[in-house]
Amino acid sequence: MSKIIHVVGARPNFVKLAPVVNAIYENTYWTQSIIHTGQHYDKSMSKTFFNELHIPNPDYNLNIGSTSHAEQTGRMMIELGAVIKYINPELVMVYGDVNSTLAAAMVCAKMGVLLAHVEAGLRSHDMRMPEEINRILTDRVSDILFTHCLEADTNLIAEGVNEDNIHFVGNVIIDTIVKHEDEINFTKIKNLVPEHGYALATLHRPSNVDDDNYLRLIMDTLDKISRRIPIIFPAHPRTTKRLKEIKYSPTHSNVVIIKPVTYLQSLSLQKYAKFVITDSGGMQEETTFLGIPCITVRENTERSITIEKGTNVLVDRMPYKIERAVDKILSNARTISSLPTLWDGHASERIVKKLRQYI
Ligand code: UD1
């Protein structure tokens, strides 16, 4: 019987793992093991995702935790090497672009284990982002590359990846949303939001939160916007820590900072928001599916499909551009005409079908 290992570690991985692991259970007799690196370890960043999305408990938790990127990735590689050798799988699957993804990919490449990458081929063309490094290196050593938009195929082909190994299957995040559509509702968030409308904000990328002056500037901007519409801000642990360090206290109480929310709460918050301000990759895609305007506080995005579809705008990390985007949204509500191809809730089934060609 074929043995598969899934390696995950951080919040955005779990959302992508859920539909794939369940589609494999439903359609095959393959044996699966989940290795959690422990990159994210707070209950709100990990365990609640496994519970809510019905992901089986990890078979191994490496408890690596937070440290420098080099040490974190290195320690993951050492531990993953031992477990992968012990299980001796036919295939390892990795997801997205976090440090856990890269660590597993490098171990498989060195050990000669067949490696599949879900969400391959996305490129921001910005090597200052740790995720861009992770994406490029993971794709370079992957044997099977599952893509979620045709632009990703084009990127991979331009980098010399053999076309036979690239499979355009669609977006597994959308599978998760579609599966839980009935649970994305106002009841989930009624205690978190004001009655008469709100905007949602999340920021956690080092480029936005690590510099004191920039973080102050961006929080002042949110503060200003919140005088027009209340802002609900579920803060990543890194952001909470940084806000404490800069002694942030809102001059206007309408920026409401709350603890990280569960995945279904996050989707519900997005669904009922007037707009979303974020630097998250996943939320750019989720708002596209939900048809909610998204303002992305970055200079670039690897998810340009969301801009093409009209839900997402980039504001170059410029406060005046954020305010201008808000003006535009509040004066004329936008909707999208169509969803990206194969963002239909069946990506994980297509992944299983393709995997049959390999194992
Ligand atoms: C990681 C991913 C990023 C993704 C994000 C989603 C990399 C390089 N980055 O960034 O692409 O968008 O996850 O959340 O892999 N922390 C806790 N508890 C936790 C996890 C983190 O307190 O459970 C704090 C720690 O102070 C840690 C900091 O958050 O130092 C950053 O965590 P880390 O895993 O290094 O990266 P993220 O910023 O979460």
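1. Basis. This is a predicted model, in which local features need pLDDT of at least 70 and side-chain atom pairs count only at pLDDT 80 or more, while totals for chains, interfaces and linings use all residues. Residues are numbered from 1 along each chain as its sequence is written, and side-chain values use heavy atoms, with hydrogens and water left out.

2. Ligand shell. The ligand has 17 residues around it, of which Gln39, His40, Tyr41, Glu131 and His236 come nearest; a residue is near if one of its heavy atoms lies within 4 Å. Helices α1 (11-27), α5 (130-141) and α10 (237-245) each supply at least two shell residues (helices being DSSP runs of H or I, at least four residues, and strands runs of E, at least two).

3. Location. Domain 1 (3-171 + 343-355) and domain 2 (182-330) both give residues to the shell, so the ligand lies between them. The domain bounds come from an automatic or database domain assignment.

4. A ligand oxygen is 2.8 Å from an N or O atom in the side chain of glutamine 39. For the side chain of histidine 236 the distance is also 2.8 Å. Taken alone, the ligand exposes 750 Å², and the protein buries 88% of that (Shrake-Rupley method, 1.4 Å probe).

5. Sheet. Six strands form an open sheet in the order β10-β9-β8-β11-β12-β13, with parallel pairing (pairing requires at least two DSSP bridges). Strands β10 (255-258) and β13 (312-314) stand at the edges with a single partner each, so one side of each is left without a neighbour in the sheet.

Conventions: Polar contact = N/O pair within 3.5 Å; in protein donor to acceptor, adjacent residues only side chain to side chain.
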